[in-house]
Amino acid sequence: MGCNPKKDRHRLFQNVGVQFQEGSYQTEIKVSELCEETACLYEAPVDWKKLCEQFGIGNKIGNAVKSLSGGERQRLFIVLALIPNPELVFLDELTTGLDAKARRDVWKILSELKSKGLTIFLTSHFMDEVEALCDKICIFRNGKAVFFGTVEQAKKASKCENFEDAYTHLFWYLCNVFQMGISLWKHKHQIYCMYFLPTE
């Protein structure tokens with residue numbers, strides 16, 4: 001984005017959207033109220049009502065956030081992250097706790113966002129999700145890149161048919177427990193995957 005994180009904090013804030021893994025809101029706050037509160041923070045927010053319609057929760061704007069299903073809540077969190085009309089969006093553990101259908105719905109949304117040119121950082125722990133959404137993979141440990149390539153290259157190098165097996169085969173020695181943070185970002189219509197492995 002060509003910004004200095006310290007000197008250009010205001011510009012970055014106005015051009016970056018964020019969705020956290022867990023959110024804590026007022027007990028009875030409504031979807032509309034939460035969207036309006038978020039929109040007022042930005043200089044040029046998009047129409048949040050249109051976003052809600054786009055993501056299938058347009059009929060829920062009068063409902064309390066606590067009454068939404070898991071999938072509806074995740075779609076709301078995407079809406080909140082997109083309200084500033086960002087160039088870059090961070091989505092943290094977006095599909096955790098969702099059933100299979102809800103997860104696939106979120107995948108579809110992310111693919112659509114990617115096709116529109118939005119830059120995405122997505123944290124996930126699901127290898128099937130990585131395999132479905134990522135174009136490139138970069139694995140870091142202790143701040144250093146230890147692998148860079150595609151999902152297919154990882155599978156080919158390991159002679160495994162699926163990515164989870166490939167990861168286990170290629171990188172088991174990188175950590176003692178199979179736990180990692182995965183970030184995705186898109187640049188020039190690609191999504192990249194970064195693994196941040198825990199230090200020992």
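The crossing of helices α4 and α5 is right-handed, a label given when the near helix is turned clockwise from the far one by less than a right angle, with anticlockwise giving left-handed. Before going on, note that this is a predicted model, in which local features need pLDDT of at least 70, side-chain atom pairs count only at pLDDT 80 or more, and totals for chains, interfaces and linings use all residues. Residues are numbered from 1 along each chain as its sequence is written, and side-chain values use heavy atoms, leaving out hydrogens and water.

**Helices side by side**

Helices here are DSSP runs of H or I with at least four residues, strands are runs of E with at least two, and both are numbered from the N terminus. Two packed helices are described by the angle between their axes and the distance between the axes. Each axis is a line fitted to C-alpha atoms, for helices over the stretch in contact, and angles run from 0 to 180 degrees between N-to-C directions.

| Helix pair | Angle | Axis distance |
|---|---|---|
| α4 (residues 70–82) and α5 (residues 100–115) | roughly 20° | within 9 Å |
| α2 (residues 31–39) and α4 | about 25° | 9 Å |

The angle makes α4 roughly parallel to α5, and α2 is likewise roughly parallel to α4; that term covers angles under 35 degrees, while over 145 is roughly antiparallel, 65 to 115 roughly perpendicular and the rest oblique. The crossing of α2 and α4 is right-handed.

Which residues of α4 meet α5? They are Gly 71, Arg 75, Ile 78 and Leu 82, and their partners in α5 are Ala 102, Ile 109 and Leu 113, where contact means heavy atoms within 4.5 Å.

On the α2 side, Val 31, Leu 34, Cys 35 and Thr 38 meet Leu 76, Val 79 and Leu 80 of α4. That contact has six nonpolar, one polar and no charged residues.

**Charges over rings**

The charged end of Arg 103 sits over the ring of Phe 126, 4.2 Å from its centre. Arg 104 has its charged end over the ring of Trp 107, 4.3 Å from the centre. To count, NZ of Lys or CZ of Arg must be within 6 Å of the ring centre and within 35 degrees of the ring normal.

**Two loop residues**

Asn 85 is not a glycine, yet has a positive phi of about 55°; Asn 85 is in the loop between α4 and β2 (88–92). Lys 159 also has a positive phi, near 60°, and lies in the loop between α7 (151–158) and α8 (163–171).

Terms used: Nonpolar A, V, L, I, M, F, W, Y, C, P; charged D, E, K, R; others polar.
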